[in-house]
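Welcome, and thanks for taking a look at this one. Below is a short tour of side-chain contacts, helix packing and backbone details, grouped by topic.

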Amino acid sequence: YRSVLAKLEVIDIDQEVKEQAISAAGLIIAKLGDELKEDINGCLKLLLERLKNEITRLTAVKAFEVIARSSLHIDLTPVLVEVVQSLANFLRKQNRQLKQASLKTLQVLIKQFGKSKAAADLYEPVLKELAPLISDADLHLSHLALKVVSTILSVSTSSGTEQLIKQVILPQALSLLQSSLLQGLALESMLELFQELCSLNSSHLKYDYLLSLLLDLVNRKDKTELSKQSYSCISQCVAVLVANSNNHSTVSKFVSDLKSSSSSDNQKLLALYCIGEIGRRIDLSSISSLKDVILNSFDSSSEEIKTAASVALGNVAVGNMNHFLHDILSEIHKHPKKQYLLLGSLREIIVRQSVSAEGIKRLAEHFQPLLDLLIQNTESSEEGTRNVVAECLGKLTLVEPEKVFPVLRDRAQSKSKHSRATVITAIKFTILEKPQAVDSMLKKEFGHFLGLLKDKQLLVRRASLFTLNYAAHHKPNIVRRYLKDYLPVLYGETKIKPELIREVDLGPFKHKVDDGLELRKAAFECMYTLLDSCIDKIDFSVFIQQMVSGLTDHYDIKMLNHLILSRLANRAGVSLLAGLDKLIEPLKKTLAEKVRDGAVKQQVERNEELKRSALRAIAAVNRIPNVTSNQKFAEFLKNTVKSGEFAEKFAAISKEVADSQDHFDDAQSMDITV
């Protein structure tokens with residue numbers, strides 16, 4: 001401690017040593033403060049001085065956070081006022097990192113010392129500095145600012161603080177709620193704020209007042225049109241208020257809005273969102289007309305209202321599975337025309353419940369009827385319905401993998417192409433980024449389903465490619481063992497197949513439709529992913545051969561192959577050099593392409609973008625060490641790319657590619673260091 005203190009006291013010292021001394025002092029006080037006792041105050045004053053210095057303030061902010069978080073409950077009272085004042089001032093600065101660190105430290109300080117008289121007097125300037133940060137310009141800072149406000153509410157009972165929150169914080173929060181960007185941590189912190197406001201039971205911020213503020217965002221006449229995301233965020237805040245006050249009369253009001261013919265579509269939309277969000281938090285089974293009112297909304301002429309009703313019914317069922325689930329299953333059997341919407345409700349139940357141990361337990365109680373109904377609907381001719389069924393089956397597999405996998409394996413052999421496509425899509429929905437208990441079983445079973453890559457039906461093969469691509473991206477270990485057998489099948493799908501091209505008679509002229517285009521796109525997308533996740537399993541000579549045809553294919557596929565070429569140059573440049581000669585002619589052809597006379601503006605722009613895309617790929621290849629030793633590429637570069645019309649463009653694009661690659665390399669080296 002003495003050694004660190006000696007370094008901390010010296011002003012004229014190397015910057016890095018100065019910063020490390022500040023960090024070390026903070027850590028020593030946090031871990032050994034109970035042993036140092038009266039020696040701490042002198043060190044705290046030194047840290048306060050460093051906090052006021054522009055060069056060392058960021059490190060000092062972080063040091064105070066470490067001390068404030070200490071389990072030893074270090075007494076910061078001697079410097080608390082000045083530290084909080086400094087942190088509040090830092091919130092005005094342009095330095096984002098400083099603002100972020102200041103917000104984190106403020107939250108900890110207020111949590112630990114917020115009930116003291118000294119801290120209470122500081123809330124007004126802090127809240128005034130927090131208000132401008134609550135906006136969609138920077139959602140992470142909004143999240144941190146809202147957390148500080150919630151922390152102030154949790155420790156302060158001052159009416160002055162509540163008045164200030166009402167005047168300066170709530171208008172900003174309400175403005176943010178109307179943004180289509182609000183989500184994630186910022187939304188969670190917003191909900192926490194409304195929870196704290198509700199639990200205050202304050203005369204300034206009563207339940208009815210808060211509710212009216214939220215509802216007016218949709219109901220007021222001068223409102224701007226809100227996005228679906230805004231409706232969702234507003235309804236979640238309403239649900240937090242209702243759940244924390246247990247005010248069922250509010251739900252009855254929303255039910256009345258849905259029944260009333262005078263209610264606008266916006267009011268009905270908000271009512272459905274709110275009922276759903278409230279229903280998944282508290283049991284609404286006591287409201288007898290609720291289910292029928294939601295089901296009646298399925299007949300609305302507005303697609304938005306129908307979708308909101310579907311989600312609302314599912315969410316309400318989450319609140320009481322035993323009461324609502326049987327009715328939903330029964331409705332699916334009774335009303336085939338409403339099947340898609342009702343299956344959407346079922347998806348909401350399964351997806352919501354499959355993320356928690358308690359929810360999985362509830363699903364397990366109703367497992368068999370759910371599985372039976374979903375399997376029956378795998379043969380639906382409607383693609384939208386099949387996708388919903390596939391997602392439900394995938395999430396249900398996470399609940400009981402031992403029971404679902406054999407059923408899916410059996411359905412993969414079904415005579416129905418729709419059923420086979422649904423099954424392979426369901427496998428995609430069992431794959432989550434985080435490790436799951438199902439992963440080991442999925443690894444064993446995956447090969448059974450990959451066999452569908454060889455299916456005769458286009459629909460099934462495309463769904464199989466999507467699933468392979470998804471698995472290769474999120475869980476490459478699942479697919480690696482099967483690539484040796486299935487890479488040749490994947491490469492086979494990159495070829496133009498004349499039998500999939502048909503001619504459509506449009507009266508005065510005929511138009512060719514390539515039914516294999518989407519399949520080829522899916523195959524090349526898969527190749528692009530494998531370059532990133534399973535590069536050690538690739539035979540580059542065969543891989544590059546597929547790109548030869550890809551670089552002369554349809555516009556979308558050419559663009560994809562330019563991306564593949566760039567990634568290949570970055571990840572396996574030496575291997576690319578061995579097959580580079582084959583790719584030069586197709587690239588040359590792309591650069592030489594001209595649009596026909598009388599082409600519309602869009603066609604001209606597409607052709608220009610295609611050439612820019614090709615130049616970006618060539619620039620990436622040009623960064624491979626010793627690439628110019630390839631005579632054919634060197635000549636192509638000299639005679640075509642670096643001369644004439646492309647010279648200036650290529651120079652600018654090369655700089656962009658170099659800068660982005662250098663940035664990527666720096667990020668990679670930072671990751672390795674960590």
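Glu 49 is partly exposed, because its relative accessibility of 47% falls between the limits of 20% and 50%. Its salt-bridge partner is Arg 50, with the closest N and O atoms 3.8 Å apart. Arg 50 counts as buried, at 9% relative accessibility. Please keep in mind that this is a predicted model.

**The chain as a whole**

- The protein chain contains 36 helices and 2 strands.
- Of its 674 residues, 51% are buried.

**Salt bridges**

- How many salt bridges does the structure hold? There are 35 of them, and the pair of Glu 49 and Arg 50 described above is one.
- Arg 96 and Asp 138 form another, with an N to O distance of 2.5 Å. This pair links distant parts of the chain, 42 residues apart: Arg 96 belongs to helix 6 (residues 96-113), while Asp 138 sits in the loop between helix 8 (123-130) and helix 9 (139-155).
- Arg 96 counts as partly exposed, its relative accessibility being 38%.
- Lys 338 and Asp 299 also meet through their side chains in a salt bridge, at 3.5 Å from N to O. Lys 338 is in the loop between helix 18 (321-334) and helix 19 (339-353), and Asp 299 is in the loop between helix 16 (290-296) and helix 17 (303-319), so the contact ties together parts that are 39 residues apart in sequence.
- Asp 299 counts as exposed, because its relative accessibility of 54% is over the 50% limit.
- Glu 277, Arg 280 and Arg 281 are joined in a network of salt bridges.

**Aromatic rings**

- The structure holds 5 aromatic pairs, and one of them is made by Tyr 491 and Phe 543.
- How are the rings of Tyr 491 and Phe 543 arranged, and why? Their centres are 6.3 Å apart and their planes stand at 85°, so the pair is edge-to-face. The reasoning rests on the angle, since planes over 60 degrees apart count as edge-to-face.
- Tyr 491 is buried, with a relative accessible area of 8%. Phe 543 is buried as well, with a relative accessible area of 1%.

**Charges over rings**

- Lys 166 places its charged end over the ring of Tyr 209, 4.7 Å from the ring centre.
- Arg 567 has its charged end over the ring of Tyr 528, and here the distance to the ring centre is 3.8 Å.

**Helix packing**

- Packed helices are described by the angle between their axes and the distance between the axes.
- The axes of helix 18 and helix 21 (residues 367-376) come within 11 Å and cross at roughly 20°. That makes helix 18 roughly parallel to helix 21, because angles under 35 degrees count as roughly parallel.
- Is the crossing of helix 18 and helix 21 left-handed or right-handed? Helix 18 passes helix 21 in a left-handed crossing.

**A buried isoleucine**

- Ile 478 is found in helix 27 (residues 476-479).
- With a relative accessibility of 3%, Ile 478 counts as buried.
- From C-alpha to C-alpha, Ile 478 and Arg 362 are 29 Å apart in space, and they are 116 residues apart in sequence.

**Positive phi angles**

- His 73 has a positive phi of about 55°, although it is not a glycine. His 73 lies in the loop between helix 4 (57-68) and helix 5 (77-90).
- Is His 73 buried or exposed? His 73 is exposed, with a relative accessible area of 58%.
- Asn 626 is a residue other than glycine with a positive phi, near 65°. The loop between helix 34 (601-622) and helix 35 (631-641) holds Asn 626.
- Asn 626 is exposed, with a relative accessible area of 63%.

Definitions and conventions
Residues numbered from 1 in each chain as written. Predicted model: local features only at pLDDT ≥ 70, side-chain atom pairs only at ≥ 80, totals over all residues. Heavy atoms only, no water. Phe/Tyr/Trp six-rings, centres within 6.5 Å; stacked < 30°, edge-to-face > 60°. Buried < 20%, exposed > 50% of the residue type's maximum accessible area, 1.4 Å probe, protein only. Lys NZ or Arg CZ within 6 Å of the ring centre and 35° of its normal. Salt bridge = Lys/Arg side-chain N within 4 Å of Asp/Glu carboxyl O. Helix = DSSP H or I, 4+ residues; strand = E, 2+ residues; numbered from the N terminus. Axes fitted to C-alpha atoms, helices over the stretch in contact; angles between N-to-C directions. Parallel < 35°, antiparallel > 145°, perpendicular 65-115°, else oblique. Left-handed = near helix turned anticlockwise from the far one by under 90°.
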